[in-house]
Amino acid sequence: ILFTDINEDNIQQMKNDFPSSEFIAADAIYDTNMDIYAPCALGATINDDTLSRLKCSIIAGAANNQLKVEDVHGRAVMDKGMIYAPDFALNAGGVINCYSEVKGLSAEWAMNKSEQIYNTIENIIRRSQSESVPAYMIANKMAEERIESISKVKLPL
C-alpha cells in the first residue's frame, strides 16, 4: 500500500497499522506507479496537471468531486484507458446506512444493499466502455433512470 496524507497523526497511524505500507509525499503520489489511485479526502485531484502524471489503470476513491471539470477530465480519463468509478456511486454505502438507521432497518438489510454497489460500479464501467461514454455520464444517467422509474411508482401526495 502506497499512501499519502498531510496529517502527521494519520501518517503514523497508517505506518503502525500497516507496517509494509509506504508513505509517499503528497505531490509525488501522482508520479508513482500504482494499480489504483484512490483519492479519499480531497476533491478535484483529477485535473490537467495530475492526469498527465497518473500511472494507474483505475481511479476509485471516496473523495467527492474527484474530477475537477467533469466534462473535460471525465473524457480524458476514458481516453487514457483508465477505469473510473464515480464518487457518488462508490460512496453509496454511507447513504444506504443513514437511510437504514432513519427507517429502522436492520444492519443486515444495509449490508445486503451495500454489497450491490459492486454490481452497480461494474454496470457503470461496462456501459461506459460499450457506449464510449465517460463513466461519470453513465452514472448520472443511471441515477436519473432510477429516479424516473421510482417517481412513476409513487403516487402523488
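## The sheet

Ile36 has Ile58 in β4 as its bridge partner. That pair belongs to the parallel pairing of β3 with β4 (residues 58–59), which runs over 2 bridges. For bookkeeping, strands are DSSP runs of E with at least two residues, helices are runs of H or I with at least four, and both are numbered from the N terminus; two strands pair if DSSP finds at least two bridges between them.

Zooming out, the open sheet has 3 strands in the order β3-β4-β5, with parallel pairing. β3 (36–37) and β5 (83–84) sit at the edges with a single partner strand each, so one side of each has no neighbour in the sheet. In general, strands of a sheet pair through backbone hydrogen bonds.

## Where the numbers come from

This is a predicted model: local features need pLDDT of at least 70, side-chain atom pairs count only at pLDDT 80 or more, and totals for chains, interfaces and linings use all residues. Side-chain values use heavy atoms, with hydrogens and water left out, and residues are numbered from 1 along each chain as its sequence is written.

## The nonpolar core

The largest nonpolar core has 27 residues, and Tyr37, Ile46, Leu54, Ile59, Val77 and Ile124 touch the most other members. Such a core is a set of buried Ala, Val, Leu, Ile, Met, Phe, Trp, Tyr and Cys residues joined through side-chain atoms within 4.5 Å. The elements giving two or more residues to this core are α7 (117–131) and α8 (135–153), and α8 supplies the largest share, 5 residues.

Take Leu54: setting aside neighbours within four places in sequence, its contacts (heavy atoms within 4.5 Å) are Tyr30, Met34, Tyr37, Ile46, Ile59, Lys80 and Met82.

## Cysteines

There are 0 disulfides here, a disulfide being a pair of cysteine sulfur atoms within 2.5 Å. Cys40 is in none, and its nearest cysteine sulfur, that of Cys56, is 13 Å away.

The cut-offs are under 20% for buried, over 50% for exposed and partly exposed in between (1.4 Å probe, protein chains only).

Most residues other than glycine have a negative phi. Ala44 lies in the loop between β3 and α2 (48–51) and is partly exposed at 29% relative accessibility.

Ser132 also has a positive phi, near 55°. Ser132 is in the loop between α7 and α8, and at 46% relative accessibility it counts as partly exposed.
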